Protein chains: 2
Amino acid sequence: MARIVKKFGGTSVADLDRIRAAAARVKRAVEAGHEVAVVVSAMAGTTNRLVTWCQEAAPLHDAREYDAVVASGEQITVGLMAIVLQSMGVSARSWLGWQIPFRTNGIHGAARIESIDTQEIERRFAEGQVAVVAGFQGIGPDNRITTLGRGGSDTSAVALAAALKADRCDIYTDVDGVYTTDPRIVARARKLERVTFEEMLEMASLGAKVLQTRSVAMAMSHGVRVQVLSSFDDVPGTMVVNEEDIVEKQLVTGLTYSRSDAVLTVFGVPDRPGTVAELFGPLADAEIVVDMIVQSQAPSRDRAEVTFTVPSADLDRAVAALEAQRERLAYQRLESNSNVVKLSVVGIGMRSHAGVAKIMFRTLAERGINILAISTSEIKISVLIDAEYTELALRALHTAYGLDADPAKEPA
Amino acid sequence: MARIVKKFGGTSVADLDRIRAAAARVKRAVEAGHEVAVVVSAMAGTTNRLVTWCQEAAPLHDAREYDAVVASGEQITVGLMAIVLQSMGVSARSWLGWQIPFRTNGIHGAARIESIDTQEIERRFAEGQVAVVAGFQGIGPDNRITTLGRGGSDTSAVALAAALKADRCDIYTDVDGVYTTDPRIVARARKLERVTFEEMLEMASLGAKVLQTRSVAMAMSHGVRVQVLSSFDDVPGTMVVNEEDIVEKQLVTGLTYSRSDAVLTVFGVPDRPGTVAELFGPLADAEIVVDMIVQSQAPSRDRAEVTFTVPSADLDRAVAALEAQRERLAYQRLESNSNVVKLSVVGIGMRSHAGVAKIMFRTLAERGINILAISTSEIKISVLIDAEYTELALRALHTAYGLDADPAKEPA
C-alpha cells in the first residue's frame, strides 16, 4: 500500500472522455490498495478563455477578482472528476482550495502556498475515499480565492504530496516523460528513466516545458519523488529523484533550448571603472532581469563593448530605458537582436568532469556556429547562438555527448 | 438615499458588452447616492452547458458535486462584473455564497436559504462599495457549495434584499415588465404598472415566466418591494406591491397559460364510496401531483368517469402506475391527452366580484371552446381546454375582461 498524488493537466482532462480515461487510472491505483489524491487542472482552453475575459473586462484588473474568475475552471473539473469516479464505483469527493483549506499568502495571481490541512483528507483515505483536489487555487489571509500563477497545478500537486507525506507524485501530461532533448527536433532523443532534482530544475528553467520550475524546487526541498508520465500511453515515465538514486552518472543528461531571450549590444561604452556597471542601473530600475553578460575591448582602447541578454518580452522596455540615459551613460550605439536561441547542456556529471565545455565549443565550431555569449553553473553550460542554427546545433551536440538512442534498442 | 438590490439574469450578463450595460445601470444608482448590492446569474448558456456535462459524466450523479460544478457559472460573472464596475470608477467587490456566507440547508441542488450574514456588506456600503453577489448559490451545513435550483438567482436577490432591509429589489430581465398576458400572442396586451404579490404568485405558478414562484413567495412573506424591468430598454417596469398599494382594483389583472399539464380520464370506475379516492393512491405513491379533478356519472349508473391533470413530464409514469393497479381498482378504460392547455384568469378583484367565472364560460362557449376541467382559488380561475384554441381563447378573454390596451394611448 502506498500513498500517491496523481496530477492531471489540462489536456488530460480536456473533455469527458479524457476525464474518464484519467479516472480509470485512478481506479486502478485504488484497486491496487493505494491511497490516492487526484489534483486536476482546468479543462484545456478554459483558463485561457477566462483570462481573456478578465483582460477584455479591463486590461488593468483587480487580481482578487481575476482569481475568483479563473479558479472556476478547476472547480468544474474536480466536480466532474468526482462524478465520473463515483460512477465507476470509486468513492470520491471534490475539494476546493478554500475547503481543504490550501492556505496561501495574499499575493493574488501568484500566491505561494503556506500550509495545507490534510487531516480530513487523511481521515477519508482510511475510509477508502479518493480526494479530488482543485489545483492552482488556495485561500488567502483575506478569505478570498488565490491562484498560484500559470502552471500552478504542478505546484499544488507537489505541495499536497509533501503535506500528505506521499510516497510518490505522478504528473500526467501530454508527453510520456523527460527526454534528453526535444524529440520533435532530435529524432534520436531518448526518454530518461531517471533525472535528478537539480538537473530537472535547470532543465525546467532553461526551456524544457515538462514541469513547472517552482514545482521541481518544491519537490527537491521536500524530497517528494515525482514521476512524469503520459496520460495517453501506458508506458513508464521519468522519475525525478535524489542524486543518490542515480546509479550510472552520465556526463550530460539533457540538452534544452529557449527562444525567449533577446540580445543587446552596447557599443562604445567609456572604459572606466564603474561605467559598465552603471549601464545596468536603468534596467534594474525597470525590473528587467539581465542574464548572460559579455564585455570586450573595442578597437579604440578607451571604449568597451557590452553584450547581454534580457527576456524578449522586455526588449523594448530595455532599449527605451537605455536610450533615455544615453547622454549620461555616454555610449555610442545600441544594437538588439531577438533572433537568438539559448542552448544549454545540463548534467550533474559535469561537477567531476572538465571536458563538457570543450566538447561544446569544438562541436559548434566544426559547424561554423558562432557563440554570442556564454554562462555556466555547476551543472550546466548555456550558449547563445543565432536561432537559425538551433536544430543543427542540438543534433550535433546530442551526438557529441553520446546521448543518441541506440537504434538497436529502439522499438520496431 | 435608498438601499437597492439589483439582480441581472443570464441574458443581461450574456457577454462583456451586456455586463458593461448592466454595470452602467449600477453606476447610475451609485451616483444617485444609493447603496447597491448586485446579484448576478451565470452568463446565458453557461449553466446549461455545466448541467449537461454533469449529466453526461453520469446520469445519476452526486448532487454535491453537481453544485460545485454549476456554481462556477455565477463565480465567473461576479468577478467580471466587479472588474467592469471598478474600471468605471465604482468601488466594488465580488462575494461568493460561502464568503458572505449565504447559509442554506443541506438539500444539494434545491437548497433553501436559512440565513445571510450581511454585516460585512453593510460595513462596506458605508464606505461606498458595491457588493457583487453570486446568485443561485450558498453554503450548506457540510461546508460545501449548495445551489437553490434553477432560477434560484431571483430567490437569492429577494432573500438578500430582505436581509439587507433594502428599499427595493430590481429584477432586470429580457422583458420590460409583467403583462396582462403574453404579448407574443395577444398584441393588445398591456404592461402592468403594479401587481400584487398574491397575483404575481398565482401568475408565476400558472405559467408567467417573468419571476420564479419561490422568489415571489419570499418577497411576499418579507414584504420586499420587487420591480421587474428590462436590462435592454430604459422604460419603467412593473412593481410587485402589497394590496394596499393598488389604488384602482381591476376585476382581472392577468391571463396566463401553461402547456405543461396532461389530462387523464379513467372510465368505468366503480361508483362506491372510496373507490374514486383509491385511484389517487398509486399516483401519490409515485409522487405525482394531481391538479384539476372532475368526477362525473357514467351512462351506466354504478360506474363513474374521473378526469384529472398531471404534469406532462409525469404522464407516462402516471399511466403506468394506474395500469399496474387496474385489477384492484376495477376501472374499465384509461385515456390520456397531453395536447391541452391550462388557461387562468388572475385578479384580487375576484374576491369581491362574482361575475368572473360567468364571463369566462360565456366567452369560451361563444367560440365553441369546450372546457375539460376547472379549478379555482380565491383569486384565480383555471380551465383546461384543447391546446389548439389557446390563442383564440386568450385574445377573446383579454377583450372580454377589458384588458386590451387603449389604441389611442399606444406609442406610435
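This is a predicted model: local features need pLDDT of at least 70, side-chain atom pairs count only at pLDDT 80 or more; totals for chains, interfaces and linings use all residues.
1. Helix packing between the chains. Helix α4 of chain A (residues 72-87) packs against helix α2 of chain B (residues 46-57), with about 25° between them and 9 Å separating their axes. Since angles under 35 degrees count as roughly parallel, α4(A) is therefore roughly parallel to α2(B). The crossing of α4(A) past α2(B) is right-handed.

2. Residues in the helix contact. On the α4(A) side the contact involves I76(A), L80(A), I83(A), V84(A) and S87(A), while α2(B) contributes L50(B), W53(B), C54(B) and A57(B). Sorted by class, the contact of α4(A) with α2(B) comprises eight nonpolar residues, one polar residue and no charged residues.

3. Burial of strand β6(A). Strand β6 of chain A spans residues 130-134, and five of its five residues are buried, so the strand is largely enclosed by the rest of the structure. In a regular strand, side chains alternate between the two faces of the sheet. Both faces of β6(A) are covered: one side carries V130(A), V132(A) and A134(A), the other A131(A) and V133(A), and all are buried.

4. Strand partners of β6(A). Strand β2 of chain A (residues 35-40) pairs with β6(A) in the parallel sense over four bridges; V40(A) has A134(A) as its bridge partner in β6(A). Strand β3 of chain A (residues 92-95) and β6(A) also pair in the parallel sense, over four bridges. Here the bridge partner of A92(A) in β6(A) is V130(A).

Methods: Residues are numbered from 1 along each chain as its sequence is written. Chains are lettered from A and ligands numbered from 1 in the order in which they are written. Axes are lines fitted to C-alpha atoms, for helices over the stretch in contact, and angles run from 0 to 180 degrees between N-to-C directions. Helices (H or I, at least four residues) and strands (E, at least two) are DSSP runs, numbered from the N terminus. Angles under 35 degrees count as roughly parallel, over 145 as roughly antiparallel, 65 to 115 as roughly perpendicular and the rest as oblique. A crossing is left-handed if the near helix is turned anticlockwise from the far one by less than a right angle, and right-handed if clockwise. Two residues are in contact if their C-beta atoms, placed from the backbone, lie within 7 Å. Ala, Val, Leu, Ile, Met, Phe, Trp, Tyr, Cys and Pro count as nonpolar, Asp, Glu, Lys and Arg as charged, and the others, Gly among them, as polar. A residue is buried if 20 or more other C-beta atoms lie within 10 Å of its own, exposed if 12 or fewer, and partly exposed in between; C-beta atoms are placed from the backbone. Two strands pair if DSSP finds at least two bridges between them.
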